[in-house]
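Colleague: I'd like a hand with reading this model. Could we go through it feature by feature?

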Amino acid sequence: MSISKMPATAETALSAMLAAPLFALAVSAAVPASAQDAASSIEAPTEQSALEMRSQQVVSFFKGEMAAEDLFTEGFLAAVPPELLIATVNQWTAEHGAAQSVEAINPVNDRRAGLDIRMERAIARGGIAIDPDDENRISELVFRTFETIDDSPAKITADLTALPGNVSVWFGPLDGGDPVISVMPDEQMPLGSTFKLYVLAALAREVAQGERSWGDTVALDVTSFPSGMMQDWPQGAPVTLQTLASLMISISDNTATDQLIAVLGRDAVFETVVDSGHSAPALNDPFLTTRELFLLKGGPRGRLDTYASGDAELRAQILAGIENSPVSAAQIGAAFAQGPIAIDVEWFGNAADLINLFRFMRETADPLAFDIMGINPSMLPATREKWAYAGYKGGSEPGVLNLTWLLTDQAGVDHALVMSWSNPEANLTSDMLEALAQRIQNLTQ
């Protein structure tokens, strides 16, 4: 849940570089595996070659000891600007630890080699190419895989508990077996857009019961604020329930979400919160729409404070009249740009609540709901391949992050990973939590 002037949300923060973690120019392809294998027969020079020198400097760059302009060609930096390059390296460092040394160089010729870099918790495997006509600066740098080494639940738990603010994490089998990681799992945490799983569950239950069909068409007659795209669609546009649900989950479309709540009814979604076994459903009564949350937080502070301290009846009264004092997108953007704002006005749940929701959905939801959850799994391709199924929803606003996965291993056993982080005093860096998520997902695979 975000608007255009807010920081990138957890649901969109997994950048293209995380989805396909490599740097390369289009000049030529990355080093093929066959070439790397064949390179083992090539005898390395006795003195340090230009490839070896630049490979060592990659480690220095990863450590922040060299400027990108001193190491890479202009063409490389035109394709991968220094700020993006540094941000991605920082993300890799957060996930895998600091770069330590060159693990291996497998030359193909005097300009190209396979390159492995040892990091604290992984071996980064890829390739490098240099341009002899440009002082042997690097023209290609590709890292295709990160092979985890020397990581453990204890190390991850220590890194989780070191995060500033409040952290709640649970990872383990959905059937109630012992968790692999458990950090404050009973803490009620703000969920951000992860609440949309309850909307999906309510819809999927009605479809399974024959009360609705995914192909049912409704006229778009509500509007919220971004994230998403449907806020720009014409009012009255016909749209299916499946399209609404898919956009709600895959790109966290707020207008699609509010349209589904309007179709289902606020009470039906709240009933799903209760029926799924939420441990404190009153925290979500009344069940907010995204538009209502934006209007509350972008509107008068007195109204927001009254809402935060009120009971369900008073809150319902405030929501009933909230459209009478409209708030502009600019006002909302200005409010959120100041950092965390009233993160006690949110949707709430703890790890057990979301685990119970997944169990509830396995019992009551039409199967298409899980396909929808799997549209955007938000994980590295190499990690995704290790799981038979991966469904995801995340959420954020300033001071709030949640990342939640339903994962099925190759033996058909469901697992849940629920990660919540909040801090009412400061914005949060999504890369840090996402990196820890990747480490957790790789633990048992």
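Predicted model: local features only at pLDDT ≥ 70, side-chain atom pairs only at ≥ 80, totals over all residues.

Colleague: What is the lining of the second largest pocket made of, by class?

Modeller: Six nonpolar, two polar and five charged residues. Nonpolar covers Ala, Val, Leu, Ile, Met, Phe, Trp, Tyr, Cys and Pro; charged is Asp, Glu, Lys and Arg; the others, Gly among them, are polar.

Colleague: And how is such a space found?

Modeller: Rolling a probe the size of a water molecule over the atoms shows where empty space is left. On a 1 Å grid over the protein atoms alone, a cavity is a set of points where a 1.4 Å probe fits but cannot get out; a pocket is an open set with protein on both sides within 12 Å along at least five of seven lines, and lining residues have an atom within 4 Å of a point. Points are joined across faces, edges and corners, and a volume is the space filled by probe spheres set on them. Here the second largest pocket has a volume of about 190 Å³. Of its 13 lining residues, Val222, Asp258, Arg266, Thr289 and Glu292 are the closest to the centre. Helix 11 (254-264) and helix 13 (290-298) each supply at least two lining residues; helices are DSSP runs of H or I, at least four residues, and strands are runs of E, at least two, numbered from the N terminus.

Colleague: Which residues line the largest cavity?

Modeller: Glu95, His96, Arg121, Thr148, Asp151, Gln438, Arg439 and Asn442. By class that lining has no nonpolar, four polar and four charged residues, and the cavity's volume is about 30 Å³.

Colleague: How do I read two packed helices?

Modeller: Two packed helices are described by the angle between their axes and the distance between the axes. Helix 10 (residues 241-250) and helix 11 pack at about 135 degrees, with axes 8 Å apart. Axes are lines fitted to C-alpha atoms, for helices over the stretch in contact, and angles run from 0 to 180 degrees between N-to-C directions. The two helices are therefore oblique to each other: under 35 degrees is roughly parallel, over 145 roughly antiparallel, 65 to 115 roughly perpendicular, and the rest oblique.

Colleague: Where is proline 286?

Modeller: In the loop between helix 12 (266-275) and helix 13. A cis peptide bond joins aspartate 285 to proline 286, with omega about 0 degrees.

Methods: Residues numbered from 1 in each chain as written. Heavy atoms only, no water.
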